[in-house]
Amino acid sequence: MTRPRKPFAKRLRRALEAPLTRLGLAVIPRLPRRVVLALARAAGRGAYVFSARDRRLGLANLDLAFGAAKTPAEKRRILRESLQNLALVMLDLAWFSRDSAARMEKWFAAAPSMQAIMERHVSRVAVTGHFGNWELIGRYAAVKSLPLMSVALPLKNPEVETLLQRMRQNTGQQVIPRAGAVRKLVKFLREDGTVAVLLDHNTRLEEGGLFAEFFGKPVAVSAAAGVLASLTGAEIAFGYALPRRDGTYLGEVRHVIPPAEIAAMDRAGMAREITQRLTRFYEEAIRARPECWLWSYKRWRYIPAGMPADGFPTYATPQGE
């Protein structure tokens with residue numbers, strides 16, 4: 001049976017992805033910082049104007065999260081700035097790949113809370129999300145010689161995936177594929193390494209996820225942080241890198257759950273308790289700086305079985321469908 005051909009636009013985009021990525025890697029690192037910031041602002045505004053999908057998703061998520069607490073104009077502003085932040089994250093993947101250590105020194109400032117974490121090379125699960133610059137925080141840690149390992153979901157285009165992984169690992173961070181990751185992560189933690197975990201991926205129950213309350217609605221969240229900490233005696237640290245108007249970033253660690261506190265939890269409910277606590281930390285951060293989160297993502301994609309769909313975005317589907 002012959003597979004249907006993909007639409008021409010998708011085939012063209014796929015063909016251009018790798019050449020355009022290589023062109024960006026050649027050009028973007030050579031641009032002045034002010035030009036990179038201007039490009040990010042323009043790209044974010046363009047995405048808001050021309051991408052009906054991003055507008056629809058982002059505004060639906062903002063309606064769920066804030067309801068009448070924010071006006072339509074405020075929600076539109078937040079979404080525009082969120083798309084600009086996303087554009088800057090992508091551009092900075094390339095820009096910080098050149099003279100990485102020097103540029104990190106100039107453009108990334110670690111708050112005392114992060115400096116204290118960096119100085120202690122202990123077994124640690126570092127948790128963040130698609131908030132601020134989630135790519136840069138790991139690369140900064142590696143520049144500062146913190147042993148760091150993370151898991152990346154593969155892209156559909158293998159050529160672009162190879163280029164992206166090269167950028168992520170150019171400061172010494174180890175990025176491993178999802179398949180067979182748990183054993184490697186546990187071994188790394190037992191050697192006093194730091195494992196980086198993104199909290200806000202949609203993770204099905206059969207893939208190790210569970211539902212946690214987020215802005216008043218359940219979302220599917222990976223329980224990896226709690227599971228890894230319970231297996232290895234690692235501490236859990238929650239932090240992020242926030243952009244500032246002058247083009248610099250401020251890295252902060254806002255919460256730490258020490259091993260003794262984790263060990264004292266009931267083992268049967270440990271993963272759920274930790275995951276809900278981390279999700280609460282994350283919601284707190286987003287409420288303070290909503291423009292820094294990735295609103296154009298189907299975050300409330302799954303509805304728990306048996307729960308009414310009322311109040312969920314139209315893209316949400318019951319778990320299992």
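**Entry 1: Val175.** I looked up Val175 and found a relative accessibility of 10%, so this residue counts as buried, the cut-off being under 20%. I note that the model is a predicted one. I then placed Val175 in strand β4, which covers residues 174-177.

**Entry 2: nonpolar cores.** I asked which residues have the most contacts inside the largest nonpolar core. They are Val125, Phe131, Phe215, Ile236, Leu278, Trp295 and Trp300, in a core of 53 residues. Helix α12 (residues 270-288) contributes the most to this core, namely seven residues. Another core, of 30 residues, lies apart from it, and I listed Leu37, Ala40, Phe96 and Met104 among its members.

**Entry 3: Trp295.** I next looked up the contacts of Trp295, leaving aside residues up to four places away in sequence. Its partners include Leu57, Leu62, Phe66 and Ile78, as well as Phe215, Ile286 and Pro290. Gly58, Asn61 and Ser82 are also among the residues that Trp295 touches.

**Entry 4: strand β9.** I turned to the pairing of β9 (residues 249-257) and found that it runs parallel to strand β1 (residues 108-110), with three bridges joining the two. Phe108 stands opposite Tyr249 of β9. With strand β8 (residues 235-243), β9 pairs in the antiparallel sense over eight bridges. Leu250 in β9 is the bridge partner of Leu242. Finally, I examined the hairpin of β8 and β9, where five residues lie between the strands and Gly247 adopts a positive phi near 95°.

Note on methods. Residues numbered from 1 in each chain as written. Predicted model: local features only at pLDDT ≥ 70, side-chain atom pairs only at ≥ 80, totals over all residues. Heavy atoms only, no water. Helix = DSSP H or I, 4+ residues; strand = E, 2+ residues; numbered from the N terminus. Buried < 20%, exposed > 50% of the residue type's maximum accessible area, 1.4 Å probe, protein only. Core = buried A, V, L, I, M, F, W, Y, C linked by side-chain atoms within 4.5 Å. Contact = heavy atoms within 4.5 Å. Pairing = 2+ DSSP bridges.
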